[in-house]
Amino acid sequence: MDFHAALALGLPLGIGVAAIGSGIGLGLIGQGAMQAIGRQPEATAKIQLAMIIIAALAEALTIYAFVTMFLLKGSIAG
């Protein structure tokens, strides 16, 4: 298998793994936030703010993988 074939196979797989990881991470973030709000309803605003910031950071990793795929896709047709 040459470099171009490996890249053509690896890029979509990498995006899939990044999306699955991001989905699992976002689910765990939401679960933790809902449990925390259930325990301390008076702290809802602070918990939601922290949840949104952490969710944005988790989603950014998938966006970086997506951008990297577009940057490297020109190397596939060699």
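## Helix 1

Helix 1 has 37 residues. From its first C-alpha to its last it reaches 52 Å, close to the 54 Å expected at 1.5 Å a residue. The model described here is a predicted one. Helix 1 covers residues 3-39.

Which residues of helix 1 are buried? They are Leu7, Leu11, Ile15, Ser22, Ile29, Ala33 and Ile37. These buried residues pack against helix 2. Residues three or four places apart on an α-helix point the same way, because the helix has 3.6 residues a turn.

## Helix 2

Helix 2 covers residues 44-72. This helix has 29 residues. Its span from first C-alpha to last is 42 Å, close to the 42 Å expected at 1.5 Å a residue.

The buried residues here include Ile47, Ala55 and Ala58. Ala60, Thr62 and Met69 are buried in helix 2 as well. What covers the buried residues of helix 2 includes helix 1.

## How the helices pack

Two packed helices are described by the angle between their axes and the distance between the axes. For helix 1 and helix 2, the angle is about 180° and the axes are 9 Å apart. Angles over 145 degrees count as roughly antiparallel, so helix 1 is roughly antiparallel to helix 2. The residues of this contact divide into 19 nonpolar, five polar and one charged.

Serine 22 is found in helix 1. Is serine 22 buried or exposed? Its relative accessibility is 6%, so serine 22 counts as buried. Leaving aside neighbours within four places in sequence, serine 22 is in contact with Ala58, Glu59 and Thr62.

Alanine 58 sits in helix 2. Along the sequence, alanine 58 and serine 22 are 36 residues apart. In space, their C-alpha atoms are 6.1 Å apart. Beyond its neighbours within four places in sequence, alanine 58 is in contact with Ser22, Leu26 and Ile29. Ala58 is among the buried residues of helix 2, and both Ser22 and Ile29 are among those of helix 1.

## Threonine 62

Threonine 62 is found in helix 2. It counts as buried, because its relative accessibility is 15% and the cut-off for buried is under 20%.

What does the side chain of threonine 62 reach at 3.3 Å? It reaches the backbone oxygen of alanine 18. With neighbours within four places in sequence left aside, threonine 62 is in contact with Ala18, Ala19 and Ser22. Serine 22, in turn, has Thr62 among its own contacts.

## Partly exposed positions

Alanine 8 has its place in helix 1. At 35% relative accessibility, alanine 8 counts as partly exposed. Alanine 8 is 17 residues from glycine 25 in sequence. The two lie 27 Å apart in space, C-alpha to C-alpha.

Threonine 68 lies in helix 2. Its relative accessibility is 38%, so threonine 68 counts as partly exposed. Threonine 68 and leucine 26 are 42 residues apart along the chain. Their C-alpha atoms are separated by 21 Å.

Technical notes. Residues numbered from 1 in each chain as written. Predicted model: local features only at pLDDT ≥ 70, side-chain atom pairs only at ≥ 80, totals over all residues. Heavy atoms only, no water. Axes fitted to C-alpha atoms, helices over the stretch in contact; angles between N-to-C directions. Helix = DSSP H or I, 4+ residues; strand = E, 2+ residues; numbered from the N terminus. Parallel < 35°, antiparallel > 145°, perpendicular 65-115°, else oblique. Nonpolar A, V, L, I, M, F, W, Y, C, P; charged D, E, K, R; others polar. Buried < 20%, exposed > 50% of the residue type's maximum accessible area, 1.4 Å probe, protein only. Polar contact = N/O pair within 3.5 Å; in protein donor to acceptor, adjacent residues only side chain to side chain. Contact = heavy atoms within 4.5 Å. Expected span 1.5 Å × (residues − 1).
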